[in-house]
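Dear colleague,

Please find the structure below, together with its sequence.

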Amino acid sequence: MTDKDKKLVSRREDFNEWYNSVVLRADLADYGPVRGTMIVKPYGWALWENIQQALDRRFKATGVQNAGFPMFIPMSFLQKEAKHVEGFAPELAVVTHGGGQELGEPIVVRPTSETIIGHTYANWVQSYRDLPILINLWNSVVRWELRTKLFLRTLEFYWQEGHTAHATQAEADERTRMMLDVYTDFAVNEAAVPVIPGEKSEMERFAGADQTLTIEAMMGDGKALQSGTSHNLGQNFARAFDIQFLDQNNVLQYAWTTSWGLSTRFIGAIIMTHGDDQGLILPPRLAPYQVVIVPIYRKDEEKTAVLPTAMRIQNELMAAGIRVKLDDRDNLTPGYKFNDWELRGVPVRLEIGPRDVEKHSVALARRDMPGREGKQFVSQEGLVATVQTLLTEIQANLLARATQFRDANTHDVRDYEEFKTAVETGFARVWWAGDNQAEMQIKQETKATIRCFPLAQPGGSGVCFYTGKPAHRIAIFGRAY
RNA sequence: CGGGGCGUAGCUCAGUUUGGUAGAGCGCUCGGUUUGGGUCCGAGAGGUCGUCGGUUCAAGUCCGGCCGCCCCGACCA
């Protein structure tokens with residue numbers, strides 16, 4: 001490898017190339033043989049598994065159960081909900097042949113499962129006593145995207161999709177909001193990604209939804225990433241698929257449904273929120289390895305002193321529930337390993353050398369503070385507690401840092417000129433009273449769209465920066481991935 | 001789907017202008033050396049030059065078709 005290959009391109013120089021290099025070189029994922037497909041490698045999948053677990057326990061705490069649904073859906077299902085088919089038709093993968101025969105009706109590979117869920121729930125629901133239905137699917141879906149990017153937009157992606165059906169509108173409203181809160185809590189407290197929970201504009205709404213709630217995050221280049229969505233589907237799918245039930249008064253009613261999803265795209269959010277010019281920085285709560293131990297020795301007698309100590313410390317940390325990797329690769333120098341694990345974003349590096357064995361110490365280096373500043377020698381006494389405290393500090397620091405970055409790059413603007421400047425580098429926060437037409441116009445001129453109307457509104461009213469009309473809502477605009 | 005770039009060793013690329021025996025660095029294997037910030041030295045393995053066809057005594061190199069990838073735009077979780 002040349003020097004050029006060893007060092008990542010800096011984020012400033014070319015954020016896009018930085019992102020691609022990090023994904024590939026940190027061993028998170030690789031390109032599949034079909035355009036736009038992705039191979040998630042073990043390290044990336046381990047990160048996804050941690051995300052899954054953090055979400056799954058939150059879902060279950062709200063009464064949701066997991067299930068499995070077919071990936072093949074009759075084409076006719078898609079056509080039952082007018083807006084839904086309009087939204088998804090252009091990006092469907094369609095199976096026309098099976099077992100060497102041409103199929104009578106083409107089969108669609110699910111782009112999302114609202115339709116097959118609607119069909120199924122219609123069979124499951126007769127009475128108000130059958131409601132609510134609270135189901136989540138961990139699966140992959142296929143959307144034939146024109147322009148793809150690892151994790152952010154691939155032809156096939158892994159996600160969870162939750163689908164609930166309720167007897168009343170109020171219950172569906174509550175569920176839509178509840179799941180957004182789950183996503184927000186997960187993003188902030190597990191991933192240290194300071195998202196803005198809010199509502200999508202009509203233009204950005206999910207195809208077939210009455211309301212789409214979203215968590216929006218700001219990436220390291222100031223662009224927005226929609227990181228999770230929760231849709232209130234009203235009775236649209238219930239009517240399209242006849243999900244009907246008799247209520248307490250023996251009156252036939254349509255059910256109210258919701259759906260909500262978060263995908264492997266979130267891995268992209270983590271990369272682009274926390275990463276630096278050295279590579280990935282993973283939040284301790286989700287990192288596949290929270291601590292990497294790098295043993296340091298020259299001669300065999302040093303090795304026989306250092307390695308047992310390293311293994312003993314590994315066991316102590318693991319016994320305390322800390323995820324630890326002991327890098328005992330013999331053919332690589334410590335310096336190489338330092339760089340390697342920094343690229344891979346492990347939050348804490350623990351070095352043990354001959355001097356440490358003697359002095360009963362170890363060196364701890366934190367990934368969020370490169371260089372001497374983040375490195376300290378500590379006693380092996382109470383090491384578990386020391387490491388746990390450090391991991392907590394790093395987690396908190398990542399969130400604080402990302403929040404500060406987001407706020408520093410979010411600007412209240414009053415006119416269109418200020419707006420254009422703001423969305424070059426971040427978010428514009430504005431009073432908004434425009435319509436779809438105005439939003440479209442702004443998008444064409446600046447590439448910025450309404451990311452959301454934050455749930456946390458200041459109240460009162462102001463003047464729309466674009467139309468000059470009285471406005472009662474604040475919107476966040478930004479350029480999006 | 002439009003514009004641009006590119007396809008040569010596992011990776012990054014040179015060689016194509018001017019056709020004439022397939023190259024470098026990194027990685028990999030072996031031996032030694034080194035190890036607290038990307039060690040160094042030596043020996044080796046590894047390629048139907050994306051693919052199909054054409055021109056030619058001769059094609060990585062020239063011509064044509066096809067396939068694929070990356071970047072920018074429109075579309076999108």
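W144 counts as partly exposed, because its relative accessibility is 40%; here buried means under 20% relative accessible area, exposed over 50%, and partly exposed in between, with a 1.4 Å probe and protein chains only. Please note that this is a predicted model, in which local features need pLDDT of at least 70 and side-chain atom pairs count only at pLDDT 80 or more, while totals for chains, interfaces and linings use all residues. Residues are numbered from 1 along each chain as its sequence is written, chains are lettered from A and ligands numbered from 1 in the order in which they are written, and side-chain values use heavy atoms, with hydrogens and water left out.

The loop that holds W144 runs between β7 (133–142) and β8 (156–166); helices (H or I, at least four residues) and strands (E, at least two) are DSSP runs, numbered from the N terminus. Leaving aside residues up to four places away in sequence, W144 touches R35, E91, L92, A93 and L155, where contact means heavy atoms within 4.5 Å. From W144 to G261 the C-alpha to C-alpha separation is 18 Å in space, and the two are 117 residues apart in sequence.

Turning to charged pairs, the structure holds 29 salt bridges, a salt bridge being a side-chain nitrogen of Lys or Arg within 4 Å of a carboxyl oxygen of Asp or Glu. One of them joins D330 to K303, with the closest N and O atoms 3.0 Å apart. This pair ties together parts that are 27 residues apart in sequence, because D330 lies in the loop between β16 (324–326) and α11 (334–343) and K303 in helix α10 (residues 300–319). D330 is exposed, at a relative accessible area of 51%, whereas K303 is partly exposed at 24% relative accessibility.

Helix α10 also carries the residues E316 and R312, which are 4 residues apart and so separated by about one helical turn. Their side chains meet in a salt bridge of 3.1 Å, N to O. E316 is partly exposed at 34% relative accessibility, and R312 is partly exposed at 35%.

A further salt bridge links R349 with E342, the closest N and O atoms being 3.1 Å apart. R349 counts as buried, because its relative accessibility is 10%.

Finally, a network of salt bridges links D27, K41, D327, R329, K337, D340 and R344.

Yours sincerely
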